[in-house]
Amino acid sequence: MDPHHVSHNTATPPHAVARFEQWRYSVHELRHPPSVVEGAALSEDRDVRSKAAKYISNMGISLRLPQLVIATAQTFMHRFYMRQSSRRHKYHDVAAASIYLATKVEETGRRLKSVVQVAHQKAAKNDLLRLDEKSKDFQNWALTIVFYEELLLQVLCWDLAVDFPYEKILILCKQIQAPQERKDAAWALANDSYRTTICLQYSPRAVAVACVIIGGKTMYGGGSIEDTKRTPDLEEAELNYLCATGGAEPAEVLDVCCALAVLLHRDVYMRLGAAQSGMAAKPHG
């Protein structure tokens, strides 16, 4: 089975666009989440999010969940921490509940006892651990997950709709006849983007186009840094073509490209210079 297969349509219905806008945040808002308002450093908040996203991913893999469920849980976690402080709510608790809720939303339900066992294993970093279902630790985990599931629903106001970049990546790669390596790279970048607040700032279409661009420039997942340094510049014509094909705004796509470059800790943003210069020369609006 194709590991990139998406079992259902994830395109954003026109009437749902406004609904997703409440989950789009400005740079200022992302720099001042509740934990920062309470006195935490922004780096601390971002570190908690990154750890929670990784914890969710590890749980999802052990529970054999599709990537869409993992991404849904990570999105719930990021949204939650825009309304509640990461200092007040431990990421293990929020993340485990996010996974449990996401399995219900995406109709891939897992039993609570299975989620409890995996949550405990990943928190302890020992996949061989097994809790007795009658033990106090098991009951504490179960009660905590159920409590945070209810809290998530309240904090998110029961708005559980999530849009993804994945199907858009597949469609774009098909339209431009991208090789399998580029599709794999773009998919992996989309996965890693959920370690950050990219999903709270940019549209899934822009993320999809940026992942295809950076995936092609870096050979992510297979190439070396030396390969990346030899990659030609992203020209404005190429940017405009990919944006038009993917239905995204060039300026927003460039912003996502830069965010992905920072995520990769590579100097690929240097290769965006030509396109950025072209965009800067044009008046916006």
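How many of the 14 residues of H5 are buried? I took buried as under 20% relative accessible area, exposed as over 50% and partly exposed as in between, with a 1.4 Å probe and protein chains only. I found 13 of the 14 buried, so H5 is largely enclosed by the rest of the structure.

I noted that this is a predicted model, in which local features need pLDDT of at least 70 and side-chain atom pairs count only at pLDDT 80 or more, while totals for chains, interfaces and linings use all residues. Residues are numbered from 1 along each chain as its sequence is written, and side-chain values use heavy atoms, with hydrogens and water left out.

Next I checked valine 253, which, leaving aside neighbours within four places in sequence, is in contact (heavy atoms within 4.5 Å) with residues including Ala206, Ile213 and Leu239.

Last, I looked for disulfides, meaning pairs of cysteine sulfur atoms within 2.5 Å, and found zero. Cysteine 211 is in no disulfide, and its nearest cysteine sulfur, that of cysteine 257, is 8.5 Å away. I logged cysteine 211 as buried at 0% relative accessibility, and cysteine 199 as buried at a relative accessible area of 15%.

Technical notes
Helix = DSSP H or I, 4+ residues; strand = E, 2+ residues; numbered from the N terminus.
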